[in-house]
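Please look over the model shown below, and then read the briefing that follows.

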Amino acid sequence: MFTKEFYQTNIFITGSASGIGQAQTIAFLEKGANVLGMDCNNLEETINKAQGLAGNFIPFQGDITNQKSIREAVNKINQNYGAIKILLNTAGILDNYATSLETSEELWDLVISVNLKGTYLVTNSILPQMLEEKIGIIINMASIAGMTVGGGGAAYTASKHALIGYTKQLTYDYAKKGIRVNAIAPGAIKTPMNAADFSGDGEMASWVAKETPAQRWASPEEVASLTLFIASKQADYLHGSIIPIDGGWLSK
Ligand code: NAI
């Protein structure tokens with residue numbers, strides 16, 4: 001189904017040090033892509049996992065809310081491999097399910113800044129070269145929290161709803177110029193972001209599985225597989241779609 005040649009391109013992935021972003025990084029490296037993985041945390045684990053894979057990995061430690069850092073990362077992949085064709089905006093943070101009254105102004109600003117503004121900053125740093133090449137694929141990591149309530153707290157839910165709006169507006173403005181933008185809306189994916197749910201007796205994690213029609217959590221690799229499909233030529237008519245991978249959660 002997937003042509004190997006198609007993935008042998010230049011890909012920029014945020015949140016590459018952990019969880020879903022790390023699984024996406026590995027999946028594209030296995031296909032032979034040139035991947036720049038940006039993360040504010042240490043990328044040592046991803047570097048180790050990337051060893052021996054078909055593609056080339058450039059780890060870049062930097063904050064997606066920092067323009068200068070983004071510019072350095074973009075320059076690095078451009079200088080090594082040329083224009084970026086695929087952008088995966090995956091980095092994000094949770095708000096520990098804080099209600100509005102429990103959310104400090106600092107927490108609100110941080111969550112909106114990383115999940116929404118960071119995505120916009122990275123996108124704007126890469127879009128011009130995609131427009132020049134008249135080809136580009138952007139996949140934003142939304143959440144079921146962008147489509148319903150209870151998947152996060154006030155700030156997280158607001159940020160993911162806004163990210164879905166941003167995804168649709170990008171489509172409206174740029175689809176005719178060769179840019180294909182979509183978003184993935186995962187449900188319960190077992191990553192370090194959800195470590196607290198599995199701590200102690202793991203009661204929270206069991207509850208989530210029981211409440212999910214599929215009766216289980218998914219692995220980050222399952223989200224990475226969906227990402228490969230959305231980025232493939234077979235998905236060429238997919239524009240502005242918000243694609244849930246949630247074990248049936250939204251069907252309830
Ligand atoms: P994770 O915590 O394992 O990975 C997120 C990565 O983003 C981390 O490596 C972190 O260092 C990085 N990051 C955070 N702030 C950053 C910044 N300012 N600059 C650069 N990197 C930054 O979490 P996970 O689960 O892999 O989440 C990835 C995305 O998927 C997030 O956007 C999250 O909201 C979304 N998501 C996750 C779900 C889940 O169940 N795990 C469900 C729905 C959405």
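Leaving aside its neighbours within four places in sequence, which residues is Leu-36 in contact with? They are Ile-11, Phe-12, Ile-13, Ile-58, Phe-60, Ala-73, Lys-76 and Ile-77, where contact means heavy atoms within 4.5 Å. This is a predicted model, in which local features need pLDDT of at least 70 and side-chain atom pairs count only at pLDDT 80 or more, while totals for chains, interfaces and linings use all residues. Residues are numbered from 1 along each chain as its sequence is written, and side-chain values use heavy atoms, with hydrogens and water left out.

**Leu-36**
- Leu-36 belongs to strand β2, residues 34-39 (strands are DSSP E runs of at least two residues, helices H or I runs of at least four, numbered from the N terminus).
- Leu-36 counts as buried because its relative accessibility is 0% (buried means under 20% relative accessible area, with a 1.4 Å probe and protein chains only).

**Helix α6**
- Buried residues of α6, among them Tyr-156, Lys-160 and Leu-163, pack against α5 (105-133), β5 (136-141), β6 (179-186) and β7 (242-245).

**Ligand**
- A polar side-chain atom of Tyr-156 lies 2.6 Å from an oxygen atom of the ligand, and a side-chain N or O atom of Lys-160 lies 3.0 Å from a ligand oxygen atom.
- From the backbone, an N or O atom of Ile-189 lies 2.9 Å from an oxygen atom of the ligand.

Definitions and conventions: Buried < 20%, exposed > 50% of the residue type's maximum accessible area, 1.4 Å probe, protein only. Polar contact = N/O pair within 3.5 Å; in protein donor to acceptor, adjacent residues only side chain to side chain.
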